[in-house]
Amino acid sequence: MQTKPLAPAAPAARLVEIDAEHDGQRLDNFLLRLCKGVPKSHLYKAIRGGQVRVNRGRVPVDYRIQAGDLVRVPPLRLPTQAPRFVPAGRFPVVYEDDALLVIDKPAGVAAHGGSGVAFGVIEQLRAARPEARFLELAHRLDRETSGLLMLAKKRSALVALHAMLREGRSTKKYYALVQGDFQNARQHIRLPLLKWTTKSGERRVRVDDAGLSAHTIVGACERYGGYTLVEAELRTGRTHQIRVHLAASGFPIVGDDKYGEDAVRDLFARRYGLRRMFLHAHSLALAHPLSGEPLALEAPLPPACADTLVQLRQGAARVPPARATDKDSA
């Protein structure tokens, strides 16, 4: 008697118990990590359609899972296209323990994938550390900005870091080379910022009364005639904040392809070999997110930026440092 082969069993749903490491995390973010490769649209459809359940009940996508919750995860179809290859990335480590990782991000590398970028720092670090149970960005840096970037290795550390950043309990300072003779040793720039999108789909930010409040403190460090090295301290963390605040104040950052001048960017590429935006996150001071130990971290200027300053010093007349004042730009 000829028998028909048995059809393969249909994929079954699974129950996942939430441990303390993921306590307080949003359900959608938890599933994105658990179901790697599944498009966000599939996950959101499964949650809203009731296929994903927590403790046998329906929940919204922003539900905060709790330790001990039982999450029903249905079988989810992966996209038919071949999975993208993410190369393992290794970046200079400034500080690391079992809860926190701080790297010195190079310019030209995005913090994360998206908006036309296949992958970024976070995806490359996860590829390099497959054993890591948890690794998330605590904040972001623009693709062309270099310097200190914090990542959490524990959920509890991420929650604490977000609270510190939101409440202003950290000090982040950047070096920027700007066009113009910046005079003040300490100037407060308070200009509201609004995100908008160009016709081509590019994300931009502009000063607008309808935007979010933003506060940057800027001081002159060294002057080279028509250019100034400034230090900018973030008091809020808006998208492109330093770049837009400086440009709106008449001091665009050298090499900035969104808010700077093309002619200046071309000049510095030809004359000084600087083919990047001169903005570097050089200093970070905060309490350790779990132990409370004071941390003071620094990342030196990258060679391309440091070499540019050497050439400017050689070719420009030195100007005395700015007299200490405290000017407020509203």
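**Cavity, pocket, sheet and cysteines**

Biologist: How many cavities of 30 Å³ or more does the structure hold?

Modeller: The structure holds one cavity of 30 Å³ or more. On a 1 Å grid over the protein atoms alone, a cavity is a set of points where a 1.4 Å probe fits but cannot get out. This is a predicted model: local features need pLDDT of at least 70, side-chain atom pairs count only at pLDDT 80 or more, and totals for chains, interfaces and linings use all residues. Residues are numbered from 1 along each chain as its sequence is written, and side-chain values use heavy atoms, with hydrogens and water left out.

Biologist: What volume does the largest cavity have?

Modeller: About 40 Å³, where a volume is the space filled by probe spheres set on the points, and grid points are joined across faces, edges and corners.

Biologist: Which residues line the largest cavity?

Modeller: His139, Leu148, Lys172, Lys173, Tyr174, Ala281, Ser283 and Leu284, where lining residues have an atom within 4 Å of a point. The elements giving two or more residues to that lining are β8 (170-179) and β14 (279-287); strands are DSSP runs (E, at least two residues) and helices likewise (H or I, at least four), numbered from the N terminus.

Biologist: On to pockets. What volume does the second largest pocket have?

Modeller: About 220 Å³. A pocket is an open set with protein on both sides within 12 Å along at least five of seven lines.

Biologist: Which element gives the most to its lining?

Modeller: α1, with three residues. β1 and α1 (27-34) are the elements that give two or more. The lining includes Val16, Phe30, Arg33 and Arg133.

Biologist: What is the strand order in the open sheet of three strands?

Modeller: β1-β3-β2, with antiparallel pairing; two strands pair if DSSP finds at least two bridges between them. β1 (14-17) and β2 (53-54) are at the edges with a single partner strand each, so one side of each has no neighbour in the sheet.

Biologist: Over how many bridges do β2 and β3 pair?

Modeller: Two, in the antiparallel sense, with β3 covering residues 70-73. Val54 stands opposite Val71 in β3.

Biologist: Is Cys305 buried or exposed?

Modeller: Cys305 is at 0% relative accessibility, so it counts as buried. Cys221 is at 40% and therefore counts as partly exposed. Buried means under 20% relative accessible area, exposed over 50%, and partly exposed in between (1.4 Å probe, protein chains only).
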